[in-house]
Amino acid sequence: MRRKLDQHLLDSMSKNLGNWHGPFYCNRKDPRLIVPKYNPMLGWTFNFANPYTYLIVIAIVLIIVGSQLF
């Protein structure tokens with residue numbers, strides 16, 4: 001029961017338009033790194049209020065740049 005309630009709370013956070021700044025999702029209270037987009041049929045996005053997101057984005061960029069060099 002608790003897990004279902006937690007999932008409902010997290011889903012309601014990602015549906016709140018106040019947490020969306022254009023195409024970017026920013027919510028410090030949401031512990032998830034990757035969240036469904038406002039329209040779930042469009043896929044997933046990063047939670048840019050989480051500091052680990054920037055580490056992941058930098059790692060992805062470095063991998064892409066590193067693969068282009070070799």
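Which residues do ring pairs link into a cluster? Ring pairs join Phe-24, Phe-46, Phe-48 and Tyr-54. The legends below describe close-up views of a predicted model.

**View 1. Aromatic cluster of Phe-24, Phe-46, Phe-48 and Tyr-54.** The search of the whole structure gives four aromatic pairs. One of them is formed by Phe-24 and Phe-48, with 5.2 Å from centre to centre and 90° between the planes, an edge-to-face arrangement. Phe-24 belongs to strand β2 and Phe-48 to the loop between β4 and α2, so this pair ties together parts that are 24 residues apart in sequence. Phe-24 has a relative accessible area of 42% and is partly exposed. The ring centres of Phe-46 and Phe-48 are 6.3 Å apart and the planes stand at 75°, so this pair is edge-to-face as well.

**View 2. Salt-bridge network of Asp-11, Asp-30 and Arg-32.** Side chains of opposite charge can pair when their charged atoms come close. Two salt bridges are counted in the model. Asp-11 forms a salt bridge with Arg-32, and the closest N and O atoms of this pair are 4.0 Å apart. The pair links distant parts of the chain, 21 residues apart: Asp-11 sits in helix α1 (residues 2–15), and Arg-32 in the loop between β2 (24–25) and β3 (34–36). Arg-32 also forms a salt bridge with Asp-30, where the closest N and O atoms are 2.9 Å apart. Arg-32 is therefore a member of a network that includes Asp-11 and Asp-30. Arg-32 and Asp-30 are both buried, and the relative accessible area of Arg-32 is 16%.

**View 3. Ser-14 and Ser-12 in helix α1.** Ser-14 is buried, with 3% relative accessibility. Leaving out residues up to four places away in sequence, Ser-14 touches Trp-20, Tyr-25, Arg-32, Pro-36 and Tyr-38. Arg-32, one of these contacts, is also the partner of Asp-11 in a salt bridge. Ser-12 has a relative accessible area of 35% and is partly exposed. The side chain of Ser-12 reaches the backbone oxygen of Leu-9 at 2.7 Å.

**View 4. Lys-15 over the ring of Tyr-38.** The charged end of Lys-15 sits 5.6 Å from the centre of the Tyr-38 ring. Tyr-38 is also among the residues touched by Ser-14.

**View 5. Asn-27 in the loop between β2 and β3.** Asn-27 counts as buried because its relative accessibility is 9%, and the limit is under 20%. What does the side chain of Asn-27 reach? The side chain of Asn-27 reaches the backbone nitrogen of Lys-29, at 3.0 Å. Apart from neighbours within four places in sequence, Asn-27 is in contact with Met-13, Asn-19, Asn-47 and Ala-49. The C-alpha atoms of Asn-27 and Asn-16 are separated by 9.9 Å, and these two residues are 11 residues apart along the chain.

**View 6. Thr-45 in strand β4 (residues 44–46).** Thr-45 counts as buried, at 12% relative accessibility. Which residues does Thr-45 touch, not counting those up to four places away in sequence? Thr-45 touches Trp-20, Pro-23, Tyr-25, Leu-33, Ile-34, Val-35 and Lys-37. Among them, Trp-20 and Tyr-25 are touched by Ser-14 too.

View 7. At the start of α2, a side-chain oxygen of Asn-50 comes to within 3.1 Å of the backbone nitrogen of Tyr-52. Val-65 is part of helix α2. Val-65 counts as partly exposed, with 43% relative accessibility. The C-alpha atoms of Val-65 and Thr-45 are separated by 21 Å, the two residues being 20 residues apart along the chain.

Definitions and conventions: Residues are numbered from 1 along each chain as its sequence is written. This is a predicted model: local features need pLDDT of at least 70, side-chain atom pairs count only at pLDDT 80 or more; totals for chains, interfaces and linings use all residues. Side-chain values use heavy atoms; hydrogens and water are left out. A salt bridge is a side-chain nitrogen of Lys or Arg within 4 Å of a carboxyl oxygen of Asp or Glu. Helices (H or I, at least four residues) and strands (E, at least two) are DSSP runs, numbered from the N terminus. Buried means under 20% relative accessible area, exposed over 50%, partly exposed in between (1.4 Å probe, protein chains only). A polar contact is a pair of N or O atoms within 3.5 Å; within protein, one must be able to donate a hydrogen and the other to accept it, and residues adjacent in sequence count only if both atoms are side-chain atoms. Contact means heavy atoms within 4.5 Å. Rings of Phe, Tyr and Trp (its six-membered ring) pair if their centres lie within 6.5 Å; planes under 30 degrees apart count as stacked, over 60 as edge-to-face and the rest as tilted. A charge sits over a ring if NZ of Lys or CZ of Arg is within 6 Å of the ring centre and within 35 degrees of the ring normal.
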